[in-house]
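Here are some notes to read beside the model. Take them one at a time, and find each residue as you go.

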Amino acid sequence: MPPDPTDLTDPELMTLFREFTEWVAYQGAQLAVADVEEQSTAEDVKRMETMSAARNSGAKTVTAAKAAIWEDSAYIDARDAHFKAQAYQKMLRGIYEATEKKQVLLSRELTRRVGREPRDSRNGKWNA
């Protein structure tokens, strides 16, 4: 992204806008995949917690029943996978939103140019 998009020629601006539009679409799809992965890992963790609660229902205290799940390596792995999925999702969301904002900026510049075009051609007719 150039520091000042108003310095771009019309074809350069259109090319850059098209590229940003394609990147926003691609990143949106990647973000959707990350959202599904995060939800899936969250469900895995919840399922393991529920199963552990059922297995340890005979524990003397609730605290002991809850603590027992932390002895399960599969549960710890599931929590790690969920944490990584959340981190990846947040990172992608930040990249997606930043790219989308740049695309909007380019769109505004295009709209500004299209909006001034009739005035420029009228001025050109009368001032030629």
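1. Start at the surface. Three residues, Tyr88, Met91 and Ile95, form a nonpolar patch there. Together they have about 290 Å² of accessible area. Keep in mind that this is a predicted model.

2. Look at one member of that patch, Tyr88. Tyr88 sits in helix H3, which covers residues 73-127. Is Tyr88 buried, partly exposed or exposed? Its relative accessibility is 43%, so Tyr88 counts as partly exposed. The cut-offs explain the label: buried means under 20%, exposed means over 50%, and partly exposed lies in between.

3. Now go inside. Which residues make up the largest nonpolar core? There are seven: Leu8, Leu13, Leu16, Phe17, Phe20, Leu106 and Leu110. Helices H1 and H3 each supply at least two residues of this core. The largest share, four residues, comes from H1. As background, nonpolar side chains tend to be buried together in soluble globular proteins.

4. Pick out Phe20, one of the core residues. What does Phe20 touch, leaving aside residues up to four places away in sequence? The answer is Met1, Thr99, Lys102, Gln103 and Leu106. Of these contacts, Leu106 also belongs to the core.

5. Finish with Ser52. Ser52 lies in helix H1, residues 10-55. Its relative accessibility is 2%, so Ser52 counts as buried. Ser52 touches Ala65 and Ile69, again not counting residues up to four places away in sequence.

Terms used: Residues numbered from 1 in each chain as written. Predicted model: local features only at pLDDT ≥ 70, side-chain atom pairs only at ≥ 80, totals over all residues. Heavy atoms only, no water. Buried < 20%, exposed > 50% of the residue type's maximum accessible area, 1.4 Å probe, protein only. Contact = heavy atoms within 4.5 Å. Patch = residues over 30% accessible without salt bridge, like charges linked within 9 Å, V, L, I, M, F, W, Y side chains within 5 Å. Areas by Shrake-Rupley, 256 points an atom, 1.4 Å probe, with all protein chains shown as cover. Salt bridge = Lys/Arg side-chain N within 4 Å of Asp/Glu carboxyl O. Core = buried A, V, L, I, M, F, W, Y, C linked by side-chain atoms within 4.5 Å.
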